[in-house]
Amino acid sequence: AAYPSIQAALTANPGKLIFVPAGDHVIMEKIRIRGERSGLYGPGRIIQQNPEQPILEIENAHSIEIRDVTLTRPED
């Protein structure tokens, strides 16, 4: 809740796991994870609305963790 988006939380907290709270989190741009020991965890669901964009991109990184988060697109 302290950040306007998941991407903003990742950018402001390099090297940390970001908690994705329960509920739907709609995105239009891909989420970028960079660096060491970053990632996402929690019961939330990230929904990519833009068919032109991937949901997630990991670049120049290692020891990344994605746990319990649902990554999806709309049914249509």
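This is a predicted model: local features need pLDDT of at least 70, side-chain atom pairs count only at pLDDT 80 or more; totals for chains, interfaces and linings use all residues.
Trainee: Why is N60 called exposed?

Mentor: The cut-off for exposed is over 50% relative accessible area. N60 has 74% relative accessibility, so N60 counts as exposed. Its place is in strand β6, residues 56–62.

Trainee: And what makes the phi of N60 worth a remark?

Mentor: Most residues other than glycine have a negative phi. N60 is not a glycine, yet its phi is positive, about 45 degrees.

Trainee: Which value does D68 have for phi?

Mentor: D68 has a positive phi too, near 70 degrees, and is a residue other than glycine. D68 sits in the loop between β7 (65–67) and β8.

Trainee: Why does D68 count as exposed?

Mentor: Exposed starts over 50%. D68 comes in at 59% relative accessibility, so D68 counts as exposed.

Trainee: How do you know that β2 and β5 pair?

Mentor: Pairing takes at least two bridges between the strands. β2 and β5 (residues 45–48) have 4 bridges, in the parallel sense, so they pass. Among the partners, V26 bridges to I47 in β5.

Trainee: What makes β5 and β8 a pair?

Mentor: The cut-off is again at least two bridges. β5 and β8 (residues 70–72) share 3 bridges, also parallel, with I46 opposite L71 in β8.

Trainee: What lines the largest pocket?

Mentor: The lining has 18 residues, with I6, Q7, L10, T11 and R32 nearest the centre. α1 (6–12), β2 (24–27) and β3 (31–36) each give two or more residues. By class, the lining has 9 nonpolar, 5 polar and 4 charged residues. The space in this pocket is about 320 Å³.

Technical notes. Residues are numbered from 1 along each chain as its sequence is written. Side-chain values use heavy atoms; hydrogens and water are left out. On a 1 Å grid over the protein atoms alone, a cavity is a set of points where a 1.4 Å probe fits but cannot get out, and a pocket is an open set with protein on both sides within 12 Å along at least five of seven lines; lining residues have an atom within 4 Å of a point. Grid points are joined across faces, edges and corners, and a volume is the space filled by probe spheres set on the points. Ala, Val, Leu, Ile, Met, Phe, Trp, Tyr, Cys and Pro count as nonpolar, Asp, Glu, Lys and Arg as charged, and the others, Gly among them, as polar. Buried means under 20% relative accessible area, exposed over 50%, partly exposed in between (1.4 Å probe, protein chains only).
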